[in-house]
Amino acid sequence: MAVAPVLTPARIPDPQHVPAPETALPVLACSGLRKRFGARQAVDDVGFTIAPGETYGLLGPNGAGKTTTISMVCGILARDAGEVRIQGRELTPVTTVVKGAIGYVPQDLAIYPDLSARENLVFFGRLYGMGGGELRRRVDEVLAVIDLAERARERTSNFSGGMKRRLNIGIGLLHRPSLLVLDEPTVGVDPQSRNAILESVEALSAQGMGILYTTHYMEEAERLCDRVGIIDEGKIIAEGTRRELVALVGQLDRVTLAAVGDLAATVRELQQLAGVQSATAHEGGIDILVSEARNQLPALLAAATRDGVTVKSVEVVEPDLEAVFLHLTGKALRD
Amino acid sequence: MRAAVVIAWRILRQRLRDRSAIIFAVVTPLGLALAFAAIIPDFTGSFHTTITVVDNDRGEVAGILVDHVLADLTGPDGILDLTESPDAASARQAVIDGDAGAAILIPAGFTPSVQAGSTAELTILAGGGTVDGEVTRSIVTDFANAIGTIQLMVATVDASGGAADARTVAAAQAATEAASPVSVDDLVAEHRQAGISTFYAAAMAIMFVFFATQYGALAVLAERQEGTLSRLLAAPIPAASILLGGALAALALGLVSMLVLQAATTAIGGADWGPPLPVLVLIVAAVVAAAGISILLAGFARTAEEAGTINAIVALILSAIGGVYIPLSQMPEALSRVAQVTPHAWFLRAIDTLSAPGAGIAQILPSILVLGTMGAVTGAIGLVRAQRVLVAR
């Protein structure tokens with residue numbers, strides 16, 4: 001069964017990412033965030049910025065402090081210390097108007113099951129100060145965007161899980177926020193719906209919306225996020241693009257050649273190539289540790305076949321954020 | 001305030017679609033009110049009793065009580081018949097046999113004691129908590145209060161060397177006649193009871209209004225359980241408006257419940273709640289009290305289910321104490337006093353009062369003030385408590 005993306009394909013704009021000008025005011029700038037629950041320091045000196053059109057991922061295992069951090073960013077949770085600025089305006093307990101620039105999509109479904117999809121949207125739209133014809137038009141737009149226009153008047157208790165997820169995200173988009181905060185939106189979602197959500201996030205980012213995305217799925221962070229903050233035990237322990245994070249830990253790509261022939265001679269050839277740190281022959285093939293494997297692959301294959309070795313298959317394993325996390329914390333993301 | 005109204009309106013829409021809310025808040029109380037009115041004989045109606053007096057004093061002050069105060073309450077439009085018994089034993093037997101609703105024993109030396117300014121004692125014999133006993137007690141208490149005033153005055157005269165005896169009698173007589181401490185109208189109004197249909201309509205309404213108000217009162221707990229609270233807190237509205245929205249919904253649901261019951265029992269149950277404006281004001285006050293108590297209880301609960309259960313238990317206990325199942329006039333005196341802590345007792349008393357001709361807001365003002373104060377105090381504590389829960393989330 002095909003699952004509609006949260007944004008229908010017709011509405012997904014040019015996927016070509018347009019980086020925001022460096023002088024643009026960050027949609028989110030937070031610093032020094034701290035929150036303690038009893039004896040446990042849930043968040044400790046967390047800070048990051050998100051530019052317009054940028055997707056920032058908070059990657060960490062369950063209990064790392066992701067939800068607590070975004071709860072403070074959205075003004076849901078009072079912070080013990082730190083500052084949150086949305087488009088330059090400070091978020092305080094009394095400056096509720098600043099929250100109007102944030103679209104919040106909680107991890108758990110936050111919709112009223114005994115109201116229809118339209119009634120849910122109208123209710124939250126009114127809380128964001130919308131009304132009259134503007135609200136009606138915008139609700140219609142969002143219903144079309146989340147592909148629920150046909151079932152707008154139906155109680156959401158009758159909806160499938162995927163439809164509820166789409167409505168959950170649609171409510172966050174209703175008031176055209178500058179910053180969309182998604183808290184683990186794919187937890188408990190089937191693979192098709194998950195992919196639809198990821199496509200939608202990519203589309204929204206391309207539209208220029210700043211996105212804060214929390215996840216403990218490394219693949220999602222790698223796919224969606226321009227920059228990633230790796231959070232563990234309440235602290236951001238590393239931050240940067242995927243490539244920067246991988247470089248940070250000094251890990252190399254691994255290329256495995258399944259080959260037959262004079263492997264010892266081939267290993268010697270390979271070790272002469274620039275970027276190759278090591279090449280080891282073993283029964284059935286050669287393992288090569290190399291930087292930028294994808295760029296080096298033609299040279300590697302040329303060297304391997306020069307001495308009459310027959311290459312049956314090639315496998316390239318690039319270090320991922322999982323490996324980075326493991327390197328930094330000594331534990332796996334899903335621990 | 002706008003956000004609170006938006007939230008309250010959403011809760012109302014949800015609950016009015018919820019069959020259980022309609023069943024608890026309207027259908028059940030209406031059915032019970034009609035059923036009780038149909039199967040239970042009318043024990044109310046116009047009040048009349050017989051009081052028998054044992055006058056072992058025969059003095060002038062006793063004569064004022066018997067020949068003026070009590071005698072004035074007899075006659076075709078009066079509320080009592082007056083008889084005389086030779087001694088306490090025969091008076092007691094008359095009460096036991098039902099020949100008299102109550103007896104008043106005036107001891108020998110009563111008049112001299114009053115005249116001397118020392119303690120004088122009157123004894124009332126009546127069945128515990130009966131209307132007859134309550135009416136008799138009211139008459140004697142009012143008379144005793146008048147006497148007390150006079151004693152103070154006489155004591156002052158004594159200090160200035162005046163003759164006490166003649167002045168005491170004259171002053172007692174004058175005060176009784178002039179101030180008329182006990183009037184037939186007051187007594188009839190005070191001890192009047194609404195008809196059986198009205199009583200059970202009002203009783204069921206005040207009992208079940210708690211089930212209506214709880215749906216608004218526990219809204220914050222329900223939001224937290226449904227996961228929507230975080231979304232509300234992320235919206236650009238003050239957190240207090242979430243609590244206020246629940247409180248407004250509690251008030252609105254309570255009003256809908258009581259007004260529907262009032263209209264339905266009047267239209268099809270033959271109930272007569274009284275003049276519309278005072279009844280409306282009384283209903284609003286009762287709903288404020290019920291909403292306040294529901295909000296207070298919800299403020300101390302951890303889940304919506306827990307809040308609902310506690311609310312139901314408290315509503316049933318308050319109903320039992322407050323005269324919903326057994327009219328206050330039929331309760332033992334001690335329990336009748338305890339009932340004053342319940343909104344039910346104040347509400348039902350006001351409904352009784354409104355059944356008297358000419359009764360209006362002025363006559364039920366104490367009930368309105370007590371109910372309003374109960375609601376304001378309990379509601380404020382509940383909202384403060386709920387605010388703490390929100391902040392500590």
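Two strands are taken to pair if DSSP finds at least two bridges between them; helices (H or I, at least four residues) and strands (E, at least two) are DSSP runs, numbered from the N terminus. The model is predicted: local features need pLDDT of at least 70, side-chain atom pairs count only at pLDDT 80 or more, and totals for chains, interfaces and linings use all residues. Residues are numbered from 1 along each chain as its sequence is written, while chains are lettered from A and ligands numbered from 1 in the order in which they are written.

Select residues 276-282 and 285-290 of chain A: strands β12(A) and β13(A) run antiparallel and are joined by 6 bridges. Within this pair, A:V276 stands opposite A:V290.

Next, select helix α8(A), residues 263-271, which packs on the sheet and touches β11 (253-260), β12 and β13 of chain A. The direction of α8(A) makes about 175° with that of β12(A); axes are lines fitted to C-alpha atoms, for helices over the stretch in contact, and angles run from 0 to 180 degrees between N-to-C directions. Contact requires that the C-beta atoms of two residues, placed from the backbone, lie within 7 Å.

Then show helix α9(A), residues 293-306, which touches β11, β13 and β14 of chain A; its direction makes about 160° with that of β14(A).

With the whole sheet displayed, the order β12-β13-β11-β14 of chain A can be followed; this sheet is open, with antiparallel pairing. Its edge strands, β12(A) and β14(A) (310-317), each pair on one side only.

Finally, turn to chain B, of which 16 residues are in contact with 22 residues of chain A. On that side of chain B, α1(B) gives the most, with 5 residues.
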